[in-house]
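Colleague: Please take a close look at the pockets of this model. I would like one connected account of what lines them.

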Amino acid sequence: MHRFFDSDFFYAFRRSPIAIVSLIVVVFMVLSALLANFIAPTNPFDAASLNLMNGFTAPMEPNAFTGETFLLGTDDQGRDLFSAILFGLRVSLFVGLMAVGLAMVLGVLLGLIAGYVGGWLDTLIMRLADIQMTFPSILIAMLIFGVARGLLPAELREEMAITVLILSIGLSEWVNFARTVRGSTMVEKEKEYVAAARLIGLNRWQIMLRHILPNVLGPVLVIATITLALAIIAEATLSFLGVGAPRTEPSLGTLIRIGQDFLFSGEWWILLFPALTLLALALSVNLFGDWLRDTLNPRLR
Amino acid sequence: MSFVVAKDLCRTFDLSEPWIVRKLTMQPKRLLKAVDHVNFEIERGTTYALVGESGSGKSTIANMVVGLMQPSAGSITIDGQNLGNASMNRQEQQRLRRRIQMVFQSPYASLNPRWKVGDILSEPMRAFNLIDGATAQRRRVAELLEQVGMSETDAGKFPHEFSGGQRQRISIARALASQPEVIICDEPTSALDVSVQAQVLNLLKSLQQDFGLTYLFITHDLAVVSTMANKIGVLNQGVLVEEQATVDLFSKPQQDYTKMLLSAAPKIEFSS
């Protein structure tokens, strides 16, 4: 720990206001998503506690019928927006993190295999990656989402929606991981410590996972952070289009979609606050990722 | 029979364009003969040096002797056992691998930067099932570090905390960890300062006396060779042009190529 605070990395962090602010925002958002149960004044998923009379209450104004006030207003169902945003943030972050995790495991493994084994396997994996790169990843995610929903029985669709969402975003973002890892693997495998490992008879998997993997993980961390922002936006886009998180378990994207219906009738807050939250989250994750990339890339120093 | 025997060793590299490009541009295959019918024998407990300029095939031979590369033709036998014998099962292969180890050229690339020295040194023990139990392994690591002139506490450090010479010592300790009989040294000192070179060479020499090691020394440095080797083979473009005992080679070289090599080297005074 003491070593960390003395490092160049921490020094660079302290000197960068952007990094500090974006990290604080991210940590704040993650904490409020984790602690949503305790922070949120109401449970937005408990249909029994909702009072339709509270619908369309403006922020910080008492409701005309019930006299209740809500920090960020309510939506058409009388749901407290502040609570809905907290729980939506949790869904968005969960889907984003799991999708990045999936993309990372898949991409790193395929990249390691392509780089280390080479030959036709390398060609196959990397051409597949090239083909996938020619489609926008949101299109791929929608395709996978559609196919998966078609395969699932109707009664499971609502339950499995989040899982399917994670799978489709994860599968659409593995390419960047694979490309970077393949490149560094090809550099590392020529080094003599790999030859030394082959000399004592280790097999390919042992060499790839125990020797090469720890040495190619540096850039992966950076890509994971930048991909997290992409995944959160992809999730919001899918949910906005109505193919993502269901209405019963709304993410930020779902909330924006609901708000969009009322934007032109004057209830601006239903759209604005979830959208601002999404903006702040995606922007700070992205800025932090950019800063990480600039700091950890030796060629830019 | 000698301990290490290389017989009619050949290795060709295929530098051709991909098949489809070759057919379209009507080019023939381009093959490079890196090693061409090389024969040599090394007696147990002695040092044999292969010298030659860059691209003469020295490192290719080293890689074939340790089994990192398969010969295109010919064979290498260690203590009567053929290295390229495909009928060996995994256990027999491991038993043979344990007896041949290598010290690499670059002290910076030959140690995994993410592993602690103790883990680097105990890995061969685990791979060859030599020593069981963490405590016994730690004791053996300490012993190895002491043998190469380092301290027990270095086991907990990472490679980047050491100088080039110290890393080369760790590399030697790793080679010793599997209790080998033959060690191939592929330019072990060429990345080091001259003063450090002498220390590493002296270490290798005393280890040879202590454990009866057989060395195959790959180098372009004739000063290194003159202090270490019993016998020298001179390689030129993959062909072994001359082979003599060390003293004879320096006093009466037979081939023009050898004379040229000797005259190109900085003059060395012998005190012994």
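Modeller: A helix here is a DSSP run of H or I with at least four residues, numbered from the N terminus. A pocket is an open set of grid points with protein on both sides within 12 Å along at least five of seven lines, and its lining residues have an atom within 4 Å of a point. The model is predicted. Its largest pocket has a volume of about 900 Å³. Of the 25 residues that line this pocket, the closest to its centre are A:Leu217, A:Gly218, A:Pro219, A:Leu296 and B:Arg114. Helix 11 of chain A provides the largest share of the lining, eight residues. Both helix 11 (204-240) and helix 13 (269-296) of chain A supply at least two lining residues each. Sorted by class, the lining of the largest pocket holds 15 nonpolar, four polar and six charged residues.

The second largest pocket has a volume of about 630 Å³. Its lining consists of 25 residues, and those nearest the centre are A:Glu190, A:Ala195, B:Asn63, B:Leu68 and B:Met69. Two or more residues of this lining come from each of two elements, helix 10 (192-199) of chain A and helix 2 (58-66) of chain B. By class, the lining of the second largest pocket has eight nonpolar, eight polar and nine charged residues.

Terms used: Residues are numbered from 1 along each chain as its sequence is written. Chains are lettered from A and ligands numbered from 1 in the order in which they are written. This is a predicted model: local features need pLDDT of at least 70, side-chain atom pairs count only at pLDDT 80 or more; totals for chains, interfaces and linings use all residues. Side-chain values use heavy atoms; hydrogens and water are left out. On a 1 Å grid over the protein atoms alone, a cavity is a set of points where a 1.4 Å probe fits but cannot get out, and a pocket is an open set with protein on both sides within 12 Å along at least five of seven lines; lining residues have an atom within 4 Å of a point. Grid points are joined across faces, edges and corners, and a volume is the space filled by probe spheres set on the points. Ala, Val, Leu, Ile, Met, Phe, Trp, Tyr, Cys and Pro count as nonpolar, Asp, Glu, Lys and Arg as charged, and the others, Gly among them, as polar.
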